[in-house]
Amino acid sequence: MKYKLLLLDIDGTLRPGSCEQIPKENAAAVRAVQKAGVKIAIATGRGRTGVGKGLLRDLKPDYWVCAGGAQLVDAKGHDLALHRLTAEEMYALVDFFEDYELPLRFTFHDANYAYIDFAEFDRREKAKNLYNNIVDGEDQDHHLVEMPFGCFGFLPQEQAAQFQEKYGYLGLQFLYSYPGSDGCDIMQKGVNKGAGLCELAGLAGLTPEECVAIGDGDNDTAMLAAAGMGIAMANGSANAKAAADRTGPDAEPHGVADLCRELWPEAF
């Protein structure tokens with residue numbers, strides 16, 4: 001068996017946008033591949049705390065690449081690796097987003113805390129069936145308990161450029177899911193799903209060439225490029241497709257299940 005680890009993005013890949021949960025066909029197919037001996041990793045921009053109960057149905061992944069690669073987690077929920085923001089990085093983001101009154105949230109172990117404009121996060125989450133465990137953190141004090149290891153904000157891409165003009169020396173990256181979107185993961189230099197894939201492969205005793213990665217967004221491009229086989233969903237962005245080795249089916253209605261049957265026919 002050439003490929004020994006399958007990494008799956010959630011939103012727009014494993015979970016089509018029209019669904020609140022992943023389709024049962026996807027869950028069953030991934031379980032079959034796992035039973036055949038392939039390790040399964042969920043690779044998401046969400047922190048582990050943001051993957052709500054029931055979202056993945058009865059899937060029990062072997063690993064998690066969360067917060068866009070900043071948090072690696074094992075099957076029991078223990079951190080394998082964690083890349084926290086520094087105080088300087090966090091305060092620069094808070095200052096900038098407050099100056100422009102832009103929504104900003106940070107990922108911690110217990111929840112995602114919206115430090116600015118919780119109401120806007122709540123509205124957008126409900127509109128897209130995301131339910132990412134976001135709580136009102138506008139007291140802006142949870143970093144006194146622990147420093148965050150993930151960050152997400154809504155801002156036009158030209159304002160991300162303004163941030164870089166002022167704080168570019170920090171090396172932070174603004175990773176938009178799709179061109180034209182105003183929602184982006186904000187990552188430390190060198191932290192992304194591709195780096196997470198490589199780090200996880202090493203911890204699992206594998207090489208990136210033994211990994212299959214499936215995703216759909218611009219924030220999946222590093223992962224698709226790093227994997228031995230990177231597959232972009234047909235509904236994916238142009239950048240995701242350019243980074244991948246090939247294009248797969250649409251996420252709707254259960255494209256991941258179709259890919260599992262194609263790549264590991266012996267599991268079915």
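The questions and answers below walk through a predicted model, from its overall build to single residues.

Residues are numbered from 1 along each chain as its sequence is written. Local features need pLDDT of at least 70, side-chain atom pairs count only at pLDDT 80 or more, totals for chains, interfaces and linings use all residues, and side-chain values use heavy atoms, with hydrogens and water left out.

Student: How many helices and strands does the protein chain have?
Tutor: Helices (H or I, at least four residues) and strands (E, at least two) are DSSP runs, numbered from the N terminus. On that basis the count is 8 helices and 14 strands.

Student: What radius of gyration does the protein chain have, and what would a compact globule have?
Tutor: The radius is taken over C-alpha atoms, and the globule rule is 2.2 Å times the number of residues to the power 0.38. With 268 residues, the rule gives a value near 18 Å. The chain agrees with it, at 18 Å.

Student: What share of the residues is buried?
Tutor: Buried means under 20% relative accessible area, exposed over 50%, partly exposed in between (1.4 Å probe, protein chains only). Of the 268 residues in the protein chain, the buried share is 54%.

Student: How many salt bridges does the structure hold?
Tutor: Side chains of opposite charge can pair when their charged atoms come close. A salt bridge here is a side-chain nitrogen of Lys or Arg within 4 Å of a carboxyl oxygen of Asp or Glu. The structure holds 12.

Student: Which residue forms a salt bridge with Asp58?
Tutor: The closest N and O atoms of the pair are 2.6 Å apart, and the partner is Arg31. The pair links distant parts of the chain, 27 residues apart: Asp58 is in the loop between strand S2 (39–43) and strand S3 (63–66), and the partner is in helix H1 (residues 24–35). Asp58 is partly exposed at 40% relative accessibility.

Student: Is Glu120 buried or exposed?
Tutor: Glu120 meets Arg124 in a salt bridge, 2.8 Å from N to O. Both lie in helix H3 (residues 118–127), 4 residues apart, about one turn of the helix. Arg124 is partly exposed, with a relative accessible area of 23%. Glu120 has 17%, so it counts as buried.

Student: Which parts does the salt bridge of Arg246 and Glu262 tie together?
Tutor: The closest N and O atoms of Arg246 and Glu262 are 2.6 Å apart. The two residues are 16 apart in sequence, so the bridge ties together strand S14 (residues 246–247) and helix H8 (residues 255–263).

Student: How accessible are Arg246 and Glu262?
Tutor: Both count as partly exposed. Arg246 has 26%, and Glu262 has 45%.

Student: Which residues do salt bridges that share partners join into one network?
Tutor: Shared partners make the network. Its members are Glu120, Arg123, Arg124 and Asp182.

Student: What covers the buried residues of H8?
Tutor: The buried residues of H8 are Gly255, Val256, Ala257, Leu259 and Cys260. Their cover includes strand S1 (5–8), H1, strand S12 (211–215), strand S13 (229–232) and S14.

Student: What is phi of Arg57?
Tutor: Arg57 is found in the loop between S2 and S3. At 40% relative accessibility, Arg57 counts as partly exposed. Its phi is positive in a residue other than glycine, near 55°.

Student: Is Ala67 buried or exposed?
Tutor: Ala67 sits in the loop between S3 and strand S4 (71–74). Its phi is positive, about 50°, although it is not a glycine. At 3% relative accessibility, Ala67 counts as buried.

Definitions and conventions. Contact means heavy atoms within 4.5 Å.
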